[in-house]
Amino acid sequence: MSISVKNLSKHYDKQKAVDAISFEAKPGRILGFLGPNGAGKSTTMRMLTGYLDPTLGEAEICGRIISTQAIEAKKHIGYLPENTPLYLDMYVKEFLNFVGDAYQLSNLSARVEEVIKQVGLTPEQHKKIGMLSKGYRQRVGLAQAIIHNPDVLILDEPTSGLDPNQLVDIRALIKELGKNKTVVISTHIMQEVEAICDDIIIISKGKIVANDTLEGIKNTHQNSSLEDIFRKLTA
Amino acid sequence: MYAVFKRELFSFLSSMVAYITIGIFLLVSSLLLWFFPDTSLLEYGYAELSGFFSLVPYLFMFLIPAITMRSFAEERREGTYELLVTKPITLWQIIAAKYLASLVLVLFALMPTLVYWYSISKLGFPEGNVDSGAVIGSYLGLFLLGSAFTSIGIFASALTKNQVIAFVVSAGLCAFAFLGFDFTSQLIALQKIETLVVAFGINEHYISISRGVLDTRDLLYFITFSAVFLWCTRLIMGGKK
């Protein structure tokens with residue numbers, strides 16, 4: 001099991017942003033993390049990646065507990081935060097080299113070339129990140145997440161704000177990556193879920209309200225559309 | 001840690017921040033030392049740099065906060081801090097990298113002023129008649145003072161996402177750490193422990209090193225000073241995410 005979460009909770013004063021959630025994710029499958037805004041998706045992802053410390057419970061990444069074996073666990077995670085924060089004053093290659101250095105990769109320049117090709121950044125590779133369009137920034141964000149070939153990929157709304165062409169490209173890329181990695185993505189877009197996810201977790205007000213495979217969730221709700229299921233469970 | 005240090009330093013050098021702040025520092029110090037008659041070394045008539053060394057701490061109060069103000073504030077405002085923290089790097093490594101990168105920039109600002117030393121030694125009579133021991137001690141003192149101010153600046157930058165607030169807070173803290181204890185010690189209520197209060201201030205130790213005698217107590221003071229502020233930074237960044 002590459003991701004195993006037990007009773008994970010995050011409390012801000014009395015508000016429970018994430019309330020004792022437990023789930024698991026397997027390699028070779030893409031897990032869609034759905035929920036309305038403010039449901040606790042990003043908070044959960046931030047706890048999985050070690051950015052936030054959980055109030056209670058624990059998350060295990062490839063057998064390492066994130067809160068106690070943070071450095072070891074982080075080596076196995078590739079993470080794209082919400083809104084794709086990047087150092088806008090750096091050049092694409094300079095930035096990817098920096099990230100590779102942070103992971104202490106050997107043979108870095110070859111690996112940088114490889115990921116640039118993989119995410120389709122070749123035409124823009126000599127530009128400053130600040131000069132790139134949103135779609136290409138997203139690709140830089142993905143490139144920095146996969147540069148160390150992690151077992152677990154956590155992507156927080158990787159397709160928000162992209163145009164339809166870019167959407168198709170990025171989804172295809174995620175699908176490709178999901179073949180041998182454990183991928184967790186969060187999104188609001190139901191077509192996206194149907195297009196790329198194998199398993200689904202719906203979270204509402206900090207609690208898991210559904211955790212099943214894509215087919216499973218449709219069967220239990222008499223084949224109504226995913227959108228209706230989402231509204232029924234989270235309203 | 002080296003990766004973060006390199007990135008910090010390169011981002012200073014590729015943005016205008018470094019050149020503008022260092023440029024203004026050199027411009028102001030040269031004007032005050034060689035051109036304006038009230039403070040000019042040429043008018044002063046003695047071949048020594050003590051005027052320069054008593055002036056620089058005041059310039060550092062503005063120069064160093066300007067260098068350090070962005071270190072954590074900008075990363076947290078832009079969200080890149082999240083990117084950094086989720087890499088396999090410890091918080092201590094991030095703090096140390098940012099601290100050292102800023103300190104290297106302070107060194108870059110100080111290096112060109114070695115020209116003043118050369119000029120003064122040429123102007124001395126007979127030529128080369130300059131108290132080099134005192135000058136070396138003073139440069140060491142300035143470096144240690146810079147390291148203390150840098151730790152204050154990094155700390156202030158961790159307090160807020162707003163660079164202007166970080167600048168003002170660190171300039172204020174630097175001024176207080178440098179002078180505040182001297183002034184406070186003059187309060188009547190504190191006169192019995194005056195020397196103790198003064199010993200907390202940077203100025204006392206800076207002057208002591210500037211005499212050209214390196215006392216381990218002064219060295220220890222500066223190291224402890226930086227350590228305390230970096231530790232406070234660690235405390236703040238560890239709790240605030």
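This is a predicted model: local features need pLDDT of at least 70, side-chain atom pairs count only at pLDDT 80 or more; totals for chains, interfaces and linings use all residues.
From chain A, the core draws at least three residues from each of domain 1 (1-76 + 151-163 + 182-235) and domain 2 (82-149).

One of the residues named above, A:Ile154, touches A:Met45, A:Leu48, A:Thr49, A:Ile77, A:Tyr79 and A:Val184, when residues up to four places away in sequence are not counted.

## Helix 1 of chain A

Helix 1 of chain A runs over residues 41-48, and because 8 of its 8 residues are buried, it is largely enclosed by the rest of the structure.

## Overall form and domains of chain A

Chain A contains 9 helices and 10 strands. Its radius of gyration is 18 Å, close to the 18 Å that the globule rule gives for 235 residues, so chain A is as compact as a globular protein of that length. The C-alpha trace spans about 50 × 40 × 30 Å along its principal axes, and buried residues make up 44% of the 235 residues in the chain. Of the contacts in chain A with a separation of 6 or more, 67% are between residues 24 or more positions apart.

The domain assignment divides chain A into domain 1 (1-76 + 151-163 + 182-235) and domain 2 (82-149), and the centres of these two domains, taken over C-alpha atoms, are separated by 25 Å. Where they meet, 9 residues of domain 1 are in contact with 8 residues of domain 2, and the domain 1 side of this contact has 3 nonpolar, 2 polar and 4 charged residues.

## The loop at A:Gly28

A:Gly28 is found in the loop between strand 2 (15-25) and strand 3 (30-34) of chain A, and because A:Gly28 has 12 C-beta neighbours inside 10 Å, it counts as exposed. Although A:Gly28 and A:Lys181 are 153 residues apart along the chain, their C-alpha atoms are separated by 5.2 Å. Leaving aside neighbours within four places in sequence, A:Gly28 is in contact with A:Lys179 and A:Asn180.

## The contact between the chains

The contact between the chains takes 18 residues from chain A and 17 residues from chain B. On the side of chain B that touches chain A, helix 1 (2-14) and helix 6 (80-85) each supply at least two residues, and the residues of that side divide into 5 nonpolar, 7 polar and 5 charged.

## Annotated regions

For chain A, an unreviewed UniProt entry lists residues 3-230 as "domain: ABC transporter"; over these residues the chain is 36% helix and 27% strand, with the end C-alpha atoms 24 Å apart. For chain B, the UniProt annotation "domain: ABC-2 type transporter transmembrane", also from an unreviewed entry, covers residues 51-237, and over this range the chain is 81% helix and 0% strand, with the end C-alpha atoms 39 Å apart.

Note on methods
Residues are numbered from 1 along each chain as its sequence is written. Chains are lettered from A and ligands numbered from 1 in the order in which they are written. UniProt positions are given in the numbering used here, feature names are shortened, and annotations may be inferred rather than shown by experiment. Helices (H or I, at least four residues) and strands (E, at least two) are DSSP runs, numbered from the N terminus. A residue is buried if 20 or more other C-beta atoms lie within 10 Å of its own, exposed if 12 or fewer, and partly exposed in between; C-beta atoms are placed from the backbone. Domain bounds come from an automatic or database domain assignment. Two residues are in contact if their C-beta atoms, placed from the backbone, lie within 7 Å. Ala, Val, Leu, Ile, Met, Phe, Trp, Tyr, Cys and Pro count as nonpolar, Asp, Glu, Lys and Arg as charged, and the others, Gly among them, as polar. The radius of gyration is taken over C-alpha atoms; the globule rule is 2.2 Å times the number of residues to the power 0.38.
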